[in-house]
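Here's a short tour of one protein chain. Have the sequence and the 3D view open side by side as you read.

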Amino acid sequence: MTPGSIDAVRSVVAGGAGFLGSHICDLLIARGDSVVCVDNLSTGSFDNVAHLESGAGFAFIHADICDGFAIDGVIDTVYNMASPASPKDYLRMPIATLDVGSTGTRNCIDLALRTDATLLMASTSEVYGEPLVHPQPESYWGNVNPIGVRSVYDEAKRFSEAMVSAFARERGLNARLARIFNTYGPRMGADDGRVVSNFVVQALRHEPLTLYGDGSQTRSFCYVDDLVGGLVVLADSTLEGPTNIGNPNEITIRELAQTVIEVTGSTSSLAFESLPSDDPSRRRPDITRAKTELGWSPTCGLVDGIKRTAAYFEGLTTAA
């Protein structure tokens with residue numbers, strides 16, 4: 001099967017020029033799918049998908065999914081990856097973040113229903129908030145501050161999940177819900193405020209690595225190739241209800257900083273600042289469901305992933 005062939009799977013990727021969305025476009029095109037990438041470029045970049053434009057089976061539409069959008073022809077899968085995802089972006093655009101989680105998601109649902117397509121909804125581990133259950137299984141309802149500064153992202157995704165679930169029950173929407181845990185890799189923004197990109201860029205510049213609090217809070221980091229592979233496997237499945245997609249290898253932020261310094265050979269020291277409001281103290285996915293129902297689990301270790309990510313940012317520096 002070749003991209004654009006009559007029997008090719010045709011997917012719409014909303015937010016397809018973003019960090020995760022662009023890697024999904026890559027994977028789908030590589031396996032022979034036809035892809036329509038929709039993005040308003042508020043946080044994404046056309047540079048992330050420019051290499052696909054000249055190939056068969058790829059089309060880019062510059063549009064905001066909150067304004068509604070029509071795509072002609074057969075559609076097999078709609079990937080809703082559209083949303084500011086880094087704290088820096090969603091704190092800068094709080095209303096837009098809520099809009100894309102509500103109106104934007106509704107428009108993706110309507111597109112999937114009109115075309116009898118499967119909807120893959122990209123949710124987040126942030127729906128678990130400051131977890132009182134550890135690690136977090138999909139059955140855990142979460143502990144979220146609904147009015148805190150981070151709530152614009154947390155609650156937008158929680159509402160998206162609720163709306164997708166309601167349409168699945170009431171209108172027969174064929175939907176998959178992915179709860180994505182911390183992801184890193186090439187095409188992260190150098191200044192997007194996420195911890196891996198922050199640390200790698202600071203380490204390459206031999207600047208102090210900025211840690212918030214005492215660095216004892218934990219996260220579980222999944223390399224982007226593993227993550228998008230899991231999303232596509234989930235989209236192709238018949239698995240209903242939320243599914244955690246992430247790497248269960250939990251480490252402290254201080255341990256992450258030391259790993260980045262060692263991998264990059266940096267002379268950076270550590271600098272500490274106050275902990276942001278509602279920053280979760282720990283986060284680790286229970287991926288039993290993904291393993292048993294999808295046969296998926298991550299394979300890229302942290303050191304290898306950091307090496308690949310550092311090489312990407314070094315390339316940006318060289319190109320500049």
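Asp-116 sits in the loop between helix H3 (94-115) and S5. Helices here are DSSP runs (H or I) of at least four residues and strands (E) of at least two, numbered from the N terminus. With 73% relative accessibility, Asp-116 counts as exposed; buried means under 20% relative accessible area, exposed over 50% and partly exposed in between, using a 1.4 Å probe and protein chains only.

This is a predicted model, where local features need pLDDT of at least 70, side-chain atom pairs count only at pLDDT 80 or more, and totals for chains, interfaces and linings use all residues. Residues are numbered from 1 along each chain as its sequence is written, and side-chain values use heavy atoms, leaving out hydrogens and water.

Asp-116 has a positive phi, and so does Leu-41, though neither is a glycine. Here are those two:

Leu-41 is partly exposed, at 28% relative accessible area.

Another loop, between strand S5 (118-124) and helix H4 (151-171), holds Pro-135. A cis peptide bond links His-134 to Pro-135, with omega about -5 degrees.

Now for helix H1: how many of its 12 residues are buried? The count is 10, so H1 is mostly covered. Among the buried ones are Phe-19, His-23 and Asp-26. After H1 comes Gly-32, with a positive phi near 105 degrees.
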